[in-house]
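Visitor: I have some questions about the terms used for this model. Could you show it first?

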Amino acid sequence: MPELPEVETMARGLRPTLTGAKLGQVEVIDPKLLEGSGMSADRFVERVSESVVSHVGRRGKWLVWTLAGQRGLVVIQPRMTGGFWLIEPDRPHHVRILFPLPELGKTVWLTDARRLGRVLWFADQTQASAAFARSHGPDALEIERDDLAARLARTARGLKPTLMDQKVLAGIGNIYADEICFAARIHPEIPANTLSARQVDRLHAAISAILLRAIQAEGSSFDAGYRTVLGLEGGFLAENAMYGRGGQPCPGCGEPILKTRIAGLIGRPTYFCPICQPPPVPQTMRQR
Ligand SMILES: [Zn+2]
């Protein structure tokens, strides 16, 4: 599932080609991706075709194309299996929307095997920002330390599911949450509102450090899912510490990494080191 580093990699991959480029006649092959936009395929095509892309950005796990001349903003949420291809001339599988760039002789293919991704259109930045704010906290690369502390203090849920809650902060999913908890040396199940000030300091530093490293590696590919716009695999899982490494020696202490399931995330595995990330002190033993 694309998290912040994968969506940032998509933005960086598209930017050199798409910025300043004029779109031709957009073709919606699968209108299901427009569900939630309140817009028919015809309407979307009319709004977006023949416009010039002035900026390619990202907010949380949203990819944001700003169209010049007040033509609005296109927001793409890749969710599980959405992605982009910029390779010619082969047509990739599972193409859902085509964004032709006739002046460049290229096409941006929006692909999505499981069709869970969504494409929205907003009239202006204010509308797009309001829609984002309704379902998201600050972007994980932009959140201030004290804002993070205040948001964690509001919930007794475990740290890992809290980091993955897009309403707390936007962009982190299962893979990077494990890496961030390890980098900060904090147990993934510790109640978020029990972190000390020093633990919040470490966590805040770990969030940017891990996400920036993952962006450098162009994200994480662990199955046929995520690829860069050139069809390449992301390299982060070749250099990461925790995710997918159950039973291997911890890079911090050499003890075997545990693979487990934790409350709030039953469907997905959690990897952590029981030595470097000691378990939370039980309620009964805590000073009242
Ligand atoms: Zn360890």
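Visitor: What makes strand E8 largely enclosed?

Guide: Five of the five residues of E8 (residues 118-122) are buried, so the rest of the structure largely encloses this strand. Buried means under 20% relative accessible area, exposed over 50%, partly exposed in between (1.4 Å probe, protein chains only). Strands (E, at least two residues) and helices (H or I, at least four) are DSSP runs, numbered from the N terminus. The model is predicted: local features need pLDDT of at least 70, side-chain atom pairs count only at pLDDT 80 or more, and totals for chains, interfaces and linings use all residues. Residues are numbered from 1 along each chain as its sequence is written, and side-chain values use heavy atoms, leaving out hydrogens and water.

Visitor: Which residues cover the two faces of E8?

Guide: Arg118, Leu120 and Phe122 lie on one side, Val119 and Trp121 on the other, all buried.

Visitor: How do you know that E4 and E8 pair?

Guide: Pairing takes at least two DSSP bridges between two strands. E4 (residues 72-77) and E8 have five, and run antiparallel. Glutamine 77 sits opposite arginine 118 in E8.

Visitor: Why are the buried residues of H2 said to line one face?

Guide: In H2 (residues 41-48), Phe44, Val45 and Val48 are buried. Seen down the axis, the buried residues of H2 fall within an arc of 100°, so they line one face; the arc is that of the directions from the helix axis to the C-beta atoms. Asp42 and Glu46, on the other side of H2, are exposed.
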